Structures are given as C-alpha cells and as structure tokens.
Amino acid sequence: MAERKRNKEIHFYVTDEERKLIRRKMIESKTKNMGAYLRKMAIDGYIVNTDTTPLKKQYEEMHKIGVNINQIAKKVNSTGDLYPEEMKELKEMMKKLWRILRSSPLK
C-alpha cells in the first residue's frame, strides 16, 4: 500500500454548536470534504466564493445568439443567399451581443 502524502494528524475538540457552524460554513464554501475545508481554513484563513450567476446568464444568452448566427451562416454557406431580413436579424443579434458584453460585471 502506498504511503500517505499527509501522514501527520491534528486533533481538536469543538462543541456541538461549533461543529454545526463549521459544517454550515463548509457547505456555504461549496467544499464537500471536512478535512479539505479545515486544512484550507487553517492554512489560508479564509475561502473566497464568488457568485458567477450573472456570468452564467450572460454566457447562456450569448450561446443562444451564437447558435442563431451559426444557423444563418450554415444556410448562407450552403445556398449562397442571404435575405435582407436575415441580415437585419444578424445585425440585431450583434447589437445584443455588444450590449451584453458592455454590461459585463467583469469590467
């Protein structure tokens, strides 16, 4: 059997309330392993969680627009035709993409 990388053990005692608080904070940090959470907290002192919900929403919207653009591009490449309403739709999608990018929370 391979030797453990972490071969030193640390023990400490907590109350039931402290254990519940530690567990709640571990769950809030999206860490599933108590040992990993306690090591991270002991070494670094904090865990930073970022809410990526706005980015996920932007990504989803941009993905939908990209799919629409690809469908139009595929049609144009296969037929060689681009109707004025398709060109207008493409321009609107590009404007929407730019609006999304300009409102990005990463600025």
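1. After H1 comes Lys30, which has a positive phi, near 60 degrees.

2. A word on what you are looking at: this is a predicted model, in which local features need pLDDT of at least 70 and side-chain atom pairs count only at pLDDT 80 or more, while totals for chains, interfaces and linings use all residues. Residues are numbered from 1 along each chain as its sequence is written, and side-chain values use heavy atoms, with hydrogens and water left out.

3. Now look for salt bridges (a side-chain nitrogen of Lys or Arg within 4 Å of a carboxyl oxygen of Asp or Glu). The structure has 6 of them. One links Asp44 and Lys40, with 2.6 Å from N to O. Both residues sit in helix H2 (residues 34–44), 4 residues apart, about one turn of the helix. Asp44 is partly exposed at 38% relative accessibility, and Lys40 is partly exposed at 37%. Here buried means under 20% relative accessible area, exposed over 50%, and partly exposed in between, using a 1.4 Å probe and protein chains only.

4. Which helices does the salt bridge between Glu61 and Lys96 join? The closest N and O atoms of Glu61 and Lys96 are 2.8 Å apart. Glu61 lies in helix H3 (residues 53–79) and Lys96 in helix H4 (residues 84–102), so this pair ties together parts that are 35 residues apart in sequence. Glu61 is partly exposed at 25%, and so is Lys96 at 34%.

5. Helix H4 also holds Glu92 and Lys95, 3 residues apart, about one turn of the helix. They form a salt bridge whose closest N and O atoms are 3.6 Å apart. Glu92 counts as partly exposed at 40%, and Lys95 at 46%.

6. Finally, find the largest pocket, with about 480 Å³ of space. Of its 13 lining residues, Lys8, Glu9, Ile10, Gly35 and Arg39 are the closest to its centre. A pocket is an open set of points on a 1 Å grid over the protein atoms alone, where a 1.4 Å probe fits, with protein on both sides within 12 Å along at least five of seven lines; lining residues have an atom within 4 Å of a point.

Definitions and conventions: Helix = DSSP H or I, 4+ residues; strand = E, 2+ residues; numbered from the N terminus. Points joined across faces, edges and corners; volume = space filled by probe spheres on them.
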